[in-house]
Amino acid sequence: MADKKKFEVPVAHDLLETPDVAEGVMAHSQPYIAKPEIQQTVGFPGELVDNWQEVAVAKLGELTGKYRGLQVYLDSCVKCGACTDSRATGSVAQGLPPPLHVCG
Amino acid sequence: MSTLISTLIYLAALIFVLGVSRKVWHYARVPAPLKIPTTPAPTTRGGVVLRMLREIIFFESLFKANKWTWLFGWLFHAGMLLVLLAHLRYFTEPVWWWVAMLAPLSKYAGIAMGVGLLGLLARRLLVDRVRYISAPSDFLMLVLLLSIVATGLSMRLFIHTDIIGVKQFALGLVRFEWQALPSDVLLFLHLFLIALLILVFPFSKLLHAPGLLFSPSRNQVDNPREHRHSVGWAAHRGRDNG
C-alpha cells in the first residue's frame, strides 16, 4: 500500500443539480472509429459515403421492420421530457439521445 | 355546413380506423427479438398484466420519473376519459344509466383536462430542457386539445348550445341518416377541431395510446434464463454458440 494515489473526488450534494441546456457541451465527444480494414470485415464501407443521409434513413427503415421496439418508441415518444430528469441516465442533459425505454 | 362537417367527420373516422389498424398490424407483425424489460420487471405473465394495468391507469413510470409531468398528464388523461364517456349521451338513445350519472361530473372533468393541458404547455414553455426537446408538433397537439377543451367548456358552462339538435346530429351520424347541425360557431369549431385531431392521430405521437401496449420494455416477462427468448428473424441466432 505504498504510493497512495490522490484522486479528485467530486463532492456529492443531497440534491442533484441539473445543468442548464447549453448547445455544444458535448461537441468534443466523438465515437472511437475503428480502422477502415477492420470496418470492412464487419460490413461497413470504412469511409463516410457521400449519400450517408439516404443510407442512414434506409437503414432506419430496415430496422423499424426488424425491431418492434424501435418502431413503437419512434411513434410513441410524446417528448414528455421525463428522460431528461431521469437520474438513472441523465443522458439528455449530457447531450445524448434520450433512452426511450424510460417512458415506453 | 352540416354536410361539410359530416363528411369531414366520416373521413376522419375512416382514416383513423385504417391508419391505426395499419400501425397496430405493423406493431403486432414485427418481432421483438431482444429481451429488454425495464428492470425491476415482473417474472410472471400475471405480473406483467398487473404492471401494464398500473401503467395504463396510473402512468406508473411517469410518476417515478417526474411528478409535475405526471400530475398534469394524468389530470388531462383522466379528465378526457370521463369527458369522452359523458359524450356517449349524444350517441345513445336511450342514454345508458351510468352515462347519465357522469353528466354532472363532466364539467369538472373538462376543467381538469384544461388544467392538465395548461400545465403541460407551461412546462414546455418554461423548463429550458423540455423547451429544447419540443418540436412544433408537440405544441400543435397541446394547442389543438386546448382549443377543443375551450370550445367544449364554453358551451357547457357559458354559451349553451342546442344540445337536442346536437344529439339529433350525432345520432344521424351513427345511423347514417345525416341531420342538420345547429348553427353555432363554437359547436362547429368544436367538431371541426375534433375531426382534425382524429385525422392526425395515426400520423402523430398520439399513437402512444396503442403503442404503450406493444412496448417490449413494459410488456415482457423478466425470465431470460428460464426461457430462451427466440423469436422472428432472430430465432436461429445464437443457438449454436449460445
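Is B:Thr92 buried or exposed? In this predicted model, B:Thr92 is buried, because its relative accessible area is 9% and buried means under 20%, with exposed over 50% and partly exposed in between (1.4 Å probe, protein chains only). The residue B:Thr92 sits in the loop between helix 4 (67-86) and helix 5 (97-126) of chain B; helices are DSSP runs of H or I with at least four residues, numbered from the N terminus. Apart from neighbours within four places in sequence, B:Thr92 is in contact (heavy atoms within 4.5 Å) with B:Lys167 and B:Leu171.

Residues are numbered from 1 along each chain as its sequence is written, and chains are lettered from A in the order in which they are written. Because the model is predicted, local features need pLDDT of at least 70 and side-chain atom pairs count only at pLDDT 80 or more, whereas totals for chains, interfaces and linings use all residues; side-chain values use heavy atoms, without hydrogens and water.

Between the chains, 38 residues of chain B are in contact with 28 residues of chain A. Two salt bridges cross this interface, a salt bridge being a side-chain nitrogen of Lys or Arg within 4 Å of a carboxyl oxygen of Asp or Glu. A salt bridge joins the side chains of A:Asp75 and B:Lys23 at 3.1 Å, N to O.

Chain A has a mean pLDDT (the predictor's confidence in each residue, from 0 to 100) of 78, with 76% of its residues at 70 or more. Over residues 87-102 of chain A, pLDDT stays under 50. Where pLDDT is low, the predicted coordinates should not be read in detail.

Definitions and conventions. Helices (H or I, at least four residues) and strands (E, at least two) are DSSP runs, numbered from the N terminus.
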